[in-house]
Each structure stands twice: as structure tokens, then as C-alpha cells.
Amino acid sequence: QMGLLALGAMAALWAAPPGGEGPRARRAALGLCALLGAALLFSGTRGAMVGAAVGAAAIAFVRQGGRRFAAGLLGAGAALYLGMEYLREDRAVVFEAVRALLQGRPPEGLGFARLTLWDVALRMGADHPWTGVGVNNYRALLPNYHQGLFEDASVSWGTAHNLYLHHFADRGLLGLGALGLLLWTMLRRAYERVRTAPGFW
């Protein structure tokens, strides 16, 4: 939610040439960007930060002459992600994977519990490919696919920590296809709109 709000503030900031929508509106959008950026940073939610960077790059990409800036935003997002991994070693994924590879051992840590969750979601979906195991049944059926405790001593997690795999497990190919169609329609409509009527809204 913070990432989406930050993208809305960026869209408002970049909607018109400087001064086109009034200095107060630009200052408000800039302040909102700074506030939400700080909130994202302090939240430690790396996925949301990277998502905001990719979204900002997409906004820059569709603007006239913004492709070089878009590449810079993607680079900044990658650097931010790696910086957060360095500062939060207990949640590192990339660095831990490299360390484990160099030491010849399997990777450890909460970040890698997601691999188990994803594997379970894939196996659930493969067992019930068309309709899945039913809405909200991932959590209930997870212990049937994974014996043992997770690192937080729980026997089951509420989600697969991946929107697409969770839909596949809960709703099968039909639900995953519906989600894909929804997201593709929204993306195509947004791209058509920004090409024909650029602006904040």
C-alpha cells in the first residue's frame, strides 16, 4: 500500500512540466514521495521497495525521454535491495545463497522458508490442476504436504508468499488464468490510457 501510494505521488509529480500544476501541488507530491519513501525504508519490506522502484521505472519509461532515467531507477532499486540484505543479514536471500553455495551447504534462514511454501503450492496445484484445493484451503492442507515445523515453530503458514502460486494452489489453472486475464487487462488499459491521455489520473 505504501508502494502504491508512493507511485501515485510520483505520477502526480511527473504528470506535467514543472510549474504546470502549481508549485504547492508539486511540493505536496514531493513531500509525500519523501514521506512514503522513508516509511518504506524503515519498514524493511524489500519486496515493496523493489516494487516501488520498478513502478517508478515504468512511469519514467512511458514518459518522453525517460528511458535512461528508468534504467537508473531499476539500478537504484537493485542497489537498495542488496543494501537492505547487507544491513539485515538475518533476512538475507541473495547473500545467504551465495554464502551457502561457496560453503557447499543448503541455504538457511526465513527467506528460504518460502521455497518450501512455493514447493507445497506447486504440488497442491499439480494434485488439483483445474480448480485447486479450494479458496483459503492452502493453510489447512499445508501440513499434509510438509511434515515438520518452520523456523518460527509453526506447522503452517497462511499463504504461499507468492500471489500466482497461491492462486494456483487454491483456485487451480482456472483461477490463475482469471487472475492473469485481470492483470493483463489492467496493464493494457493503463498503457493505452497513458499513451492517449497522459497525466496524473
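In this predicted model, the axes of helix H6 (residues 113-127) and helix H7 (residues 138-145) come within 10 Å and cross at roughly 95°. An angle from 65 to 115 degrees counts as roughly perpendicular, and H6 and H7 are therefore roughly perpendicular to each other. On the H6 side the contact is made by Leu117, Val120, Ala121, Arg123, Met124 and Asp127, which meet Tyr138, Leu141, Leu142 and Tyr145 of H7. By class, the residues of this contact between H6 and H7 comprise eight nonpolar and two charged ones, with no polar residue among them.

The second largest pocket has a volume of about 310 Å³. Of the 16 residues that line this pocket, Met10, Met49, Ala52, Ala53 and Leu80 are the closest to its centre. Helices H1 (2-14), H2 (23-43), H3 (46-62) and H4 (67-87) each supply at least two residues of the lining, and the largest share, five residues, comes from H4.

| Class | Residues in the lining |
|---|---|
| Nonpolar | 14 residues |
| Polar | two residues |
| Charged | no residues |

As for confidence, the protein chain averages a pLDDT of 80, and 84% of the residues score at least 70. Within the chain, confidence is highest in helix H8 (residues 163-196), at a mean of 92, and lowest in H4, at 74; H4 is also the helix that gives the largest share of the lining of the second largest pocket. Where pLDDT is low, the predicted coordinates should not be read in detail.

Conventions: Residues numbered from 1 in each chain as written. Predicted model: local features only at pLDDT ≥ 70, side-chain atom pairs only at ≥ 80, totals over all residues. Heavy atoms only, no water. Axes fitted to C-alpha atoms, helices over the stretch in contact; angles between N-to-C directions. Helix = DSSP H or I, 4+ residues; strand = E, 2+ residues; numbered from the N terminus. Parallel < 35°, antiparallel > 145°, perpendicular 65-115°, else oblique. Contact = heavy atoms within 4.5 Å. Nonpolar A, V, L, I, M, F, W, Y, C, P; charged D, E, K, R; others polar. 1 Å grid on protein atoms, 1.4 Å probe; cavity = no way out; pocket = protein on both sides within 12 Å on 5 of 7 lines; lining within 4 Å. Points joined across faces, edges and corners; volume = space filled by probe spheres on them. pLDDT = per-residue confidence, 0-100.
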